[in-house]
Structure formats: C-alpha cells, structure tokens
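Subject: A structure for you to look at

Hi there,

Here is the structure I promised to pass on. Have a look at it first, and then read on for my notes on what turned up.

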Amino acid sequence: MAIQMHKLLKQLYGDWKAKELLLGTMVAVMLVSFYHSRNVDAENFALGPQNTSPVEQWQGKHFTAHSPLLIKRLVEEFSDSVSADAYWLWLGNSQLHTINQKKDGDHLAPYWLRQGLACSKCSEPIGVSMPNANLQEYLVLERYLEQRLPIRGIIVSLVFDDLREDGIRNELLDLLDGQVEADLGQLAAGRTILQSIKQSAQKGGALNMNPAGGGEKDFQKRLERALETDLGYYFPLWNDRSHLKAIFTIDLYYVRNWLLNIEPTTVRKIIEPRYERNMQALRDLLGAAQREGRDVLVYIVPIRQDLPLPYDMKRYEQWKQVVERLAHDHGARFLNLETLVPPEHWGTYHNDDVDFMHFQGPGHQLLAKEILKQIGG
Amino acid sequence: MLFNSLGYLFFLVLSVVSAWAAPAFLRKWIVLAASLFFYGSWKVEFLLLIVFSAFVDYFFALRIYKSADHVRRKLLLLCSLSINIGLLIYFKYTFFLVENINSLFDLLGSSYTYITIGHIILPLGISFYTFLSISYTIDVYRNLFVPIRNFPLYLTYVLFWPHMIAGPILRACELIPQLSSNSFRPSPEDVTRGAHKILLGLFLKVVLADELAPLVDDAFNTEASTLSGLDVWTMAYAFGFQIYFDFAGYSLIAIGSAQLVNIRFPENFNWPYLADSPREFWKRWHITLSSWIRDYLYLPLMGSRYEDRSSGGLDIERSPSAHHVVVALFVTWVIMGLWHGANWTFAVWGVWHAAAILLYRVISRTDLLKEMPQLRSVVGWGVTIPIVMLGWIPFRAGSLDKAFQLLGKVIDVTQYGRLSFRENFYLFVFSIFLGMLLLRWMISLRERIIQHSSLGWLVNGLAYGAIFFLTFLYFKVSNQFIYFQF
C-alpha cells in the first residue's frame with residue numbers, strides 16, 4: 001500500500017492540475033496569514049475607532065444595556081421594584097450607548113439623567129439601545145420590557161437613517177416568548193414582524209436540513225459540533241474565521257466605496273417599504289403607550305451640523321413634521337434636538353470617515369439636561 | 001448528510017481512503033455501506049423504503065427481461081411504474097391533492113366534509129431516485145439494458161451517495177457498468193480533478209449561493225404591493241443566480257466525489273445563463289433531468305424515437321406546428337414543473353418555459369438574422385435570459401397570488417420609480433451578472449492566448465488560491481441545498 005501511495009504521489013507531482021491546486025493552497029495560506037496578521041478591530045468598525053460603549057451602573061446595578069445579554073441582565077437586576085411606575089425606559093440606537101473620545105468622568109446620557117432625577121420618589125431611567133436599531137426593534141424591546149418591568153414612561157430617540165433598517169435581528173429573537181408574541185399579534189406592525197420571522201424560519205436557518213423533518217438534524221448537528229470543536233482546538237485559525245471574514249467584508253466595503261465614489265456625505269435614500277414598516281411600528285408603540293397610560297417623550301436625535309447631512313433633506317424635513325404630528329396625536333411630548341450638540345463635541349474626521357452619530361461626553365450631558373427639562377418636573 | 005459540511009468532508013475522505021486501501025473484493029461493499037450510511041444518517045427508517053422500492057424495480061426488471069409476451073411485459077412495466085409513481089405521489093403530492101380537492105368542493109359550494117390528513121415526511125431525494133428507478137425498468141423494457149442479477153450492485157446503483165439525494169440523474173447503462181467493473185481506485189488525475197470540482201462546488205454553494213440566500217429570502221418575504229418593477233427584476237435575477245450556484249455547486253461536489261472513487265458522472269450544467277435561446281438553455285441547465293424528460297416523457301408523448309443518454313438536454317425540434325407536438329410540449333413542461341414541487345406555482349413555471357420554447361420555434365422559422373450569426377446570438381441571449389430569469393418568479397414566489405402580483409409589477413410601467421431594498425442587494429446581483437460575463441470572456445481569452453503555456457497554471461493557481469481562501473472564510477453549514485426539497 002505504501003508503494004502504491006508513493007506511486008500515486010509521484011504521479012500527482014507530474015500533474016498540472018495538482019500543481020495548480022498546490023499553488024492555490026499556498027496562495028490561500030498566504031492570504032489567510034495576511035488577514036490574520038492585520039490588526040483590525042472588526043467588532044468596532046461600525047462604531048469607529050474613537051468610540052467607546054460603556055455600561056452604566058448605579059449602586060451595583062447595570063442600568064444601560066446594548067445587547068440582548070445585557071438587556072436580560074438589566075431585567076434581572078431591576079425586576080424587584082415594588083413601585084408601579086418605577087422606570088423611564090429610554091430607547092435608542094448606538095448614540096445612546098456610545099461616547100466619542102471618552103475621557104475620565106464621561107458618562108452616557110442615561111447616567112446624567114439618573115443623577116438629575118435622583119430623589120427617593122422619582123422614577124429611574126434605564127437605557128436600552130442597539131446599534132442601528134430600527135423602530136420595529138424598538139417595538140419588540142418595549143413590549144418585552146413592559147411585561148417585565150414597571151415602566152412609567154418611555155423616551156424614544158428617533159434617527160432618520162435607522163429607518164433604512166428593517167426587521168428584527170436574529171439576536172433579538174430570543175426575547176420573543178409567547179407573551180411578547182401575543183402582545184405583538186395585537187398590533188399591525190407586530191403582526192408584520194411575526195409574519196416575517198415565521199417566513200424566515202421556514203426558509204432555512206442553521207442546519208435546517210429537511211423541511212419535512214428528520215433525524216439528520218440532530219445527527220449532523222452533533223457531528224458538526226464535534227468536528228468544529230476539534231478543528232478549533234488543533235487549528236485555532238478555524239475559530240478565527242468570523243474575524244477574518246469581518247475584515248474581508250470591511251475591505252469589500254472600502255472597495256465598493258472607492259469604485260462607486262461613495263463618501264460619508266453621500267446621500268442615503270429612504271427605502272420606502274422599510275420606512276413605512278418602521279413608521280407603523282412607531283404608531284403602534286405610541287398607541288400602545290397611550291392606551292396603557294404611559295408618558296412618552298419623542299425626540300429627534302442630535303446630529304452633526306458642520307457637514308452636509310447624508311440625508312434626502314426634503315424627506316428628512318417632511319419626516320420630522322410627521323413625527324411631531326404623530327406625537328401630538330398620541331398625547332406624547334416632542335423635542336427636536338438635532339442642533340443640540342455644538343460642533344466641538346462631535347468626533348474628529350478625515351476624508352473617508354465622518355461620524356455623524358456619536359458625540360463626546362459633554363454631548364451626553366447636554367442631551368440628558370434637555371430630557372430632564374421635560375420629564376424632571 | 002449535507003455536502004457543505006465538515007461531516008461530509010470527513011465521511012468522504014474516510015470512504016474514499018477505505019475503498020482505496022481495502023482488498024478488491026471488499027471495495028464494492030464499502031461503497032454500498034458508505035451509501036447506506038450516507039442516506040441512513042438522515043432517517044434510518046427510510047432506508048427500508050428505498051430498499052423496498054429498489055427491490056421492486058430489480059424484481060420487475062428481471063421479470064420483464066425474461067418474458068417474451070408483449071402484453072405481459074407491458075403489464076409488468078405498468079406494475080413497476082405504478083409502485084414507483086404511487087410512492088412519489090403519496091409522499092410528495094398527497095397534501096397537494098387533498099388541498100385541491102377541498103378547494104374544488106369549496107368552489108362548488110357543496111356541503112362537503114373536508115378531507116384531513118396527518119403530517120407526511122417527504123423522504124429525502126425521492127424525486128431523484130424514483131426517476132433513476134423508472135429509467136432502469138423502462139430501459140430494460142425497451143431492450144436497451146440487460147438487467148443485472150446482483151441485488152447489492154443494483155442497490156449501490158440506486159443508493160450511490162454522490163447522486164442519491166439530488167442527482168445527477170444517471171442511466172443504468174452509464175453507472176452500473178462502472179460500478180460492476182470498477183477498482184474504486186482513482187488515478188492521480190481523478191484525485192486532482194475530483195478535488196478541484198469539490199472545491200469549486202463548495203465555493204459556489206457557501207460563498208455565492210448562501211450569501212445570496214438571506215437577501216433573496218428577505219426580498220421574497222416582502223409584501224408584493226410595496227415593490228417596484230425594478231425590485232422584481234432584481235429578485236428574479238438574484239434567485240436565478242442563487243439556484244444556479246446552489247445546484248451547480250451541488251452537482252460539482254457530486255461529480256467530484258464520484259470521481260474520487262473512479263466513477264464518472266456526466267456534467268449537469270454548462271453556463272446556462274449564456275444560452276442564446278430557450279432551447280439552448282435546456283441543453284445547458286440541469287442537463288441530466290432535461291435529458292431524462294426528453295427520453296422518458298416528451299419523445300414518447302410525441303410518439304418519437306427516444307435516445308439513450310443523459311446528456312444533450314431537452315434539445316428537440318421536430319414538426320413544430322403539429323398539434324400533438326404542442327400538446328406534448330405543454331404536458332411535459334407541466335409535469336416537469338410539478339416534479340419540482342407540489343404547488344401550482346411550479347406548474348406555471350413549466351408553462352412559462354413551454355410557451356417560451358414554442359415562441360422560439362415559431363420565431364426561428366422566420367429567422368431574420370440568419371446571415372448575421374453573431375448578432376443573432378447576442379440578440380437571442382438578450383431576450384432569453386430575461387425570460388428565463390422572470391420564470392424564476394413563480395418558481396420561488398410560494399403562491400400563485402404572489403407570483404402574479406410580482407409579475408404584474410414587471411408589466412406595469414408606472415411601477416419602476418423606486419427601490420425597496422438596500423443598495424447593496426442591487427449591487428451584489430449586478431456584480432454577479434457582470435462577473436459571470438467577465439469570467440466567461442476571460443476564459444475564452446485565456447484559451448486563445450495562453451493555451452499550452454505555463455502561464456496558464458499560474459493564472460489557474462492564483463484563481464484557486466482566491467477560491468480556496470473565500471471558501472475557507474465562508475464555509476459553514478447553513479442552508480440545505482434548494483433541490484433537496486424537490
């Protein structure tokens with residue numbers, strides 16, 4: 001057998017296709033090594049290198065959360081309140097949980113609001129946010145938290161750009177238990193969300209081997225898990241693939257921008273069906289809060305003003321009016337804070353990277369102060 | 001077991017090495033055992049069903065061969081076909097039939113007790129192995145093939161793991177002789193060509209098809225009324241590419257896996273989206289299925305002489321004006337559509353293609369561009385590909401209502417003013433389209449310029465490097481192959 005194997009290898013050596021595959025393998029190894037050696041923090045790429053996302057604490061309790069895991073911890077830590085209107089739920093995107101060029105003593109807006117509200121009988125703020133959270137996700141988060149915490153009021157931050165996002169990200173599906181689903185089923189946007197999740201689940205998902213069911217699912221799952229574990233143990237690069245893939249995606253992103261001359265100020269068009277679904281979610285959120293007797297404060301988020309905004313300005317102006325009218329119709333307070341944070345409190349920028357969304361520590365203080373003016377009394 | 005999984009790669013290496021290293025008398029048994037394990041790892045109970053179905057065909061084929069009486073032969077064939085098609089109908093179409101009967105009575109407004117049925121699990125690959133079995137019995141009936149007297153060998157033919165779940169659909173004359181006289185020891189050429197095909201297949205599946213899948217799913221889950229004409233075109237192209245990469249990827253892995261045990265499969269795809277006519281498309285897309293349909297359905301329906309090869313595709317053009325040919329064409333395509341799935345949307349897809357082929361036949365009789373073959377080819381391609389791509393809309397839509405709503409958007413010129421998805425979706429689909437044309441052009445250029453040159457292997461080597469790298473990055477068990485559900 002050894003002789004035959006030797007003969008086979010010898011013949012392989014003389015084969016052009018074998019040489020091509022060998023060269024290909026070497027090139028692939030070089031590419032993997034190159035990507036592995038690059039020190040790119042893919043996790044924070046979306047936020048930008050200057051940004052930090054702390055979790056705020058008060059008397060040992062974490063009262064801001066920006067991931068499903070942190071949200072669950074927050075619920076655990078705060079669910080023991082005896083008061084019926086203990087909390088202000090502040091919903092937002094990454095602006096709420098990110099500080100640009102964080103310095104000692106800097107805190108997120110919910111922290112300053114908590115300080116401002118600090119009194120024995122006051123409701124306490126809790127900040128729940130997700131990067132690029134859309135309004136459908138706000139609705140799901142609100143319904144989930146409303147069933148678990150005594151919420152007195154909701155502060156809803158609105159970002160025009162996030163209306164381009166759609167659906168519920170996979171990590172949030174964990175929050176959808178029967179009670180939340182039943183609740184969502186009562187709302188127009190909620191039904192759309194549930195329908196979309198159902199269709200996605202039917203179409204595939206991890207290891208959905210056969211639509212008709214079967215033992216393969218379990219067998220292959222177990223086999224794959226065992227092989228994955230072993231590969232990861234003996235060959236650590238295998239486990240690092242998601243990181244390498246993220247860096248590769250970042251490269252693709254830059255290539256796309258270069259090819260199509262896309263700049264940070266390039267106008268991002270509104271995507272009509274997504275816009276509609278998100279606005280329906282906002283209507284449902286406000287409607288539910290009104291029916292359930294909760295106070296609501298809606299505000300347009302501060303945004304950088306020293307550069308042209310990457311928005312369709314006509315639609316942006318219209319949208320702000322629509323939001324104001326919606327808030328009025330549902331008995332909610334409305335604030336337009338887009339110019340609240342002065343230019344010096346935003347991040348630095350260079351040609352290919354401008355952060356329109358995340359401001360420095362003092363910006364958070366300013367934001368909290370404005371919110372406090374509305375709800376502090 | 002999924003081809004795009006570590007489990008399969010592990011299984012493949014183990015099976016190939018075992019067959020290679022084992023003494024000659026054991027190799028066939030190892031291949032059979034590997035095939036049984038491959039299928040049994042999904043649902044062991046269904047192995048009994050396949051063994052039963054295989055035994056029925058094995059038995060009937062021998063009886064047909066032995067019998068000299070024409071009527072008896074025909075009866076035996078009918079028995080065999082009834083069992084095969086009966087099983088297929090039971091597992092795949094019961095729910096569909098019951099649903100339609102209920103709808104019909106609903107429509108008639110009669111006081112009718114609805115038929116209800118329980119949950120029927122569709123055995124993996126039933127549509128494929130049913131066709132394989134049918135072709136065996138019919139070939140024996142047609143005296144094209146002498147039935148074998150070796151049930152394990154016949155079982156290996158039916159269950160051979162590379163083609164078991166989703167083809168390519170092979171004829172007995174193509175596979176059985178290879179299985180019966182095979183050393184199962186690949187030559188170095190087989191190893192490298194097989195590995196190359198598997199790598200390419202994995203690339204098509206995990207990098208292209210699986211990256212397109214969530215975008216396509218999201219798009220087709222979107223409320224049809226909110227979409228524009230341009231959205232629907234993009235969805236059609238996106239799904240067209242997804243299903244192509246998915247199935248061509250699967251076929252390449254199947255062909256490559258078989259080659260690793262020294263078995264040759266025919267090609268199943270040949271740049272279908274470069275076809276310049278509907279006829280040409282069906283010579284290039286799922287070639288083994290269209291060849292099967294040609295020989296066991298379409299030609300017999302027309303009363304024409306069948307062929308005996310799983311290559312060539314549905315390349316037929318005979319007396320296009322004859323009434324019975326048109327009927328045969330549409331009947332064939334409705335069956336072809338329904339074979340893909342128990343839903344009227346698939347039948348509509350079939351009718352769409354039948355209409356396109358018929359139209360092509362009529363137009364090609366008055367060939368205005370006969371003197372300008374290159375222009376004719378470009379125009380033909382420019383018309384064929386949009387027709388084929390739009391045909392994927394009913395195939396993927398899920399319901400007739402949605403399919404017609406989407407197709408309505410394409411026709412309505414007022415529905416083109418906006419885009420409903422993120423820009424990257426359009427960009428991705430357009431890049432694939434452009435990439436496909438560019439790649440074909442580069443291949444033809446390479447063939448002309450650097451033929452026999454050592455530069456060729458350098459270019460190929462670099463291309464393999466990129467393919468290897470991306471496959472490594474994107475490799476994950478996520479979605480099943482689309483054709484598994486058929």
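Let me start with one residue: Pro272(B) counts as buried because it has 21 C-beta neighbours inside 10 Å (a residue is buried if 20 or more other C-beta atoms lie within 10 Å of its own, exposed if 12 or fewer, and partly exposed in between, with C-beta atoms placed from the backbone). You will find Pro272(B) in the loop between H10 and helix H11 (278–284) of chain B. Helices here are DSSP runs of H or I with at least four residues, strands are runs of E with at least two, and both are numbered from the N terminus. Leaving aside neighbours within four places in sequence, Pro272(B) is in contact with Tyr244(B), Phe281(B), Arg284(B) and Trp285(B) (contact means that the C-beta atoms of two residues, placed from the backbone, lie within 7 Å). Arg284(B) sits 12 residues away along the chain, yet its C-alpha atom is separated from that of Pro272(B) by 4.8 Å.

A word on the model before going further. It is a predicted one, in which local features need pLDDT of at least 70, side-chain atom pairs count only at pLDDT 80 or more, and totals for chains, interfaces and linings use all residues. Residues are numbered from 1 along each chain as its sequence is written, while chains are lettered from A and ligands numbered from 1 in the order in which they are written.

Now to chain B as a whole. It has 18 helices and 0 strands. Its radius of gyration is 23 Å, close to the 23 Å that the globule rule gives for 486 residues, so chain B is as compact as a globular protein of that length (the radius is taken over C-alpha atoms, and the rule is 2.2 Å times the number of residues to the power 0.38). The C-alpha trace of chain B spans about 75 × 65 × 50 Å along its principal axes. Buried residues make up 48% of the 486 residues in this chain.

Chain B is assigned domain 1 (22–185) and domain 2 (194–480), with bounds that come from an automatic or database domain assignment. The centres of these two domains of chain B, taken over C-alpha atoms, are 27 Å apart. Where they touch, 26 residues of domain 1 of chain B are in contact with 21 residues of domain 2 of chain B. On the domain 1 side, helix H4 (70–108), helix H5 (126–141), helix H7 (161–164) and helix H8 (172–180) of chain B each supply at least two residues, and the largest share, 5 residues, comes from H5(B).

Chain A has 13 helices and 10 strands, and buried residues make up 33% of its 377 residues. One feature to look for is an open sheet of 6 strands in chain A, in the order E4-E7-E5-E8-E9-E10 with parallel pairing (two strands pair if DSSP finds at least two bridges between them). Its edge strands, each pairing on one side only, are E4 (64–65) and E10 (333–336) of chain A.

Strand E5 (residues 87–92) of chain A is mostly covered, with 6 of its 6 residues buried. Tyr87(A), Leu89(A) and Leu91(A) point one way from E5(A), and Trp88(A), Trp90(A) and Gly92(A) the other way. E5(A) pairs with strand E7 (residues 124–129) of chain A over 6 bridges, where Leu91(A) stands opposite Val128(A). E5(A) also pairs with E8(A), over 5 bridges, and there Leu89(A) has Ile154(A) as its bridge partner.

Finally, the largest nonpolar core has 216 residues, of which Leu89(A), Leu91(A), Tyr138(A), Val298(A) and Ala238(B) touch the most other members (such a core is a set of buried Ala, Val, Leu, Ile, Met, Phe, Trp, Tyr and Cys residues joined through C-beta atoms within 7 Å). The largest share of this core, 18 residues, comes from helix H10 (residues 229–259) of chain B. Not counting residues up to four places away in sequence, Tyr138(A) touches Leu91(A), Ala133(A), Val156(A), Ala281(A) and Leu285(A).

Enjoy exploring it!

Best wishes
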